[in-house]
Amino acid sequence: MTLKGKHLIDPNDFTLEQFDTIFTIAQDMEKNPEKYLKLCDGKILATLFYEPSTRTKFSFESAMLRMGGSILGFSDANTSSVKKGESISDTIKVMDGYADIIVMRHPREGAPKLSSKFSAVPIINGGDGGHQHPTQTLTDLLTIKNLKGNIKNLKVALCGDLKYGRTVHSLIKTLSRYEGMSFYLVSPQQLQMPSYIKEYVKNEYNVNIVETENIEDVMDKVDILYMTRIQRERFFNEEDYLKLKNSYILTKDKIKNAKEDMLIMHPLPRVNEIDYSVDDDQRAVYFKQAKYGVYVRMSLMAHLLGVI
Ligand code: NCD
């Protein structure tokens, strides 16, 4: 049952009980941060980011620093020996001697999983291509738990780029494991959720899924509206991106009929999909969500390092 020494590559690597353990400690870390100031004294986190990031990289770094540990790493693989042609396996075999825990973001799907085969220390997937993003899912679940009280019986709309968006792939797989969840998938035809994920959650968890292109169809029905950015970097040509980039733009007017207690979530960064005027609506929780990401990553690392 202990999480010590485990990797987190896919959200299915952990049980719901293990998630709960992580959330309980994360909640205490937010309430009583002074208790944890020295928890990771002497521990080193390596952040190996082969793709751009603001929140994921800095929230991991902030998390480690808030527990008294240290950080090293790169945010541009071109400044590392990758540029000279070093393989991932060699980089990892060296880095696991320099750090106690590693978080990796990579444009290639499966790169963190491959790395975990070579690593003597825990590897955390910080996002692999258009595939998975398990720590964003932990962040999302903690946000729902904190603001809704429970992860149960919720109608959730996932909106935007459901084809390339790794956050929504991890999120639907994981939310489907909870009781009574149902989903509205809102996207342009070209950016629908891949069939293998829809089939998986339907067959495995018997969840109800409705697909639509119109965000208006779901607005007064859902408890959570999870917006995502059109993933420009995953398109094969710019023209296709330009056609789809403004598919959904949430405005104050559009949320008029939404439930009073609906949560508007977004993994960030946003581009155009939520108008700035929505930010001061009480339902907009994306900045809170980003903050919860620090506590959940503190708790995750403390568990994987076995210091708690
Ligand atoms: C997301 C990602 O990298 O997948 N960002 C994040 O980690 N919060 C979402 C995105 O880039 O659109």
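This is a predicted model: local features need pLDDT of at least 70, side-chain atom pairs count only at pLDDT 80 or more; totals for chains, interfaces and linings use all residues.
Into which domains is the protein chain divided?

## Chain layout

The protein chain splits into domain 1 (11-132 + 293-305) and domain 2 (134-290), with bounds taken from an automatic or database domain assignment. Residues are numbered from 1 along each chain as its sequence is written.

Taken over C-alpha atoms, the centres of domain 1 and domain 2 are 25 Å apart. Contact (heavy atoms within 4.5 Å) links 30 residues of domain 1 with 27 residues of domain 2.

## Around the ligand

Let's turn to the ligand. Its surroundings (residues with a heavy atom within 4 Å of it) are T56, R105, H133, Q136, R166, T167, R229, Q231, P267, L268 and P269. This shell divides into 3 nonpolar, 5 polar and 3 charged residues; here Ala, Val, Leu, Ile, Met, Phe, Trp, Tyr, Cys and Pro count as nonpolar, Asp, Glu, Lys and Arg as charged, and the others, Gly among them, as polar.

## Side chains that reach the ligand

An oxygen atom of the ligand lies 2.7 Å from a side-chain N or O atom of H133, and an oxygen atom of the ligand is 3.1 Å from one in the side chain of R105. For Q136, a side-chain N or O atom is 3.1 Å from a nitrogen atom of the ligand. Taken alone, the ligand exposes 320 Å², and the protein buries 94% of that (Shrake-Rupley method, 1.4 Å probe).

Conventions:
Side-chain values use heavy atoms; hydrogens and water are left out. A polar contact is a pair of N or O atoms within 3.5 Å; within protein, one must be able to donate a hydrogen and the other to accept it, and residues adjacent in sequence count only if both atoms are side-chain atoms.
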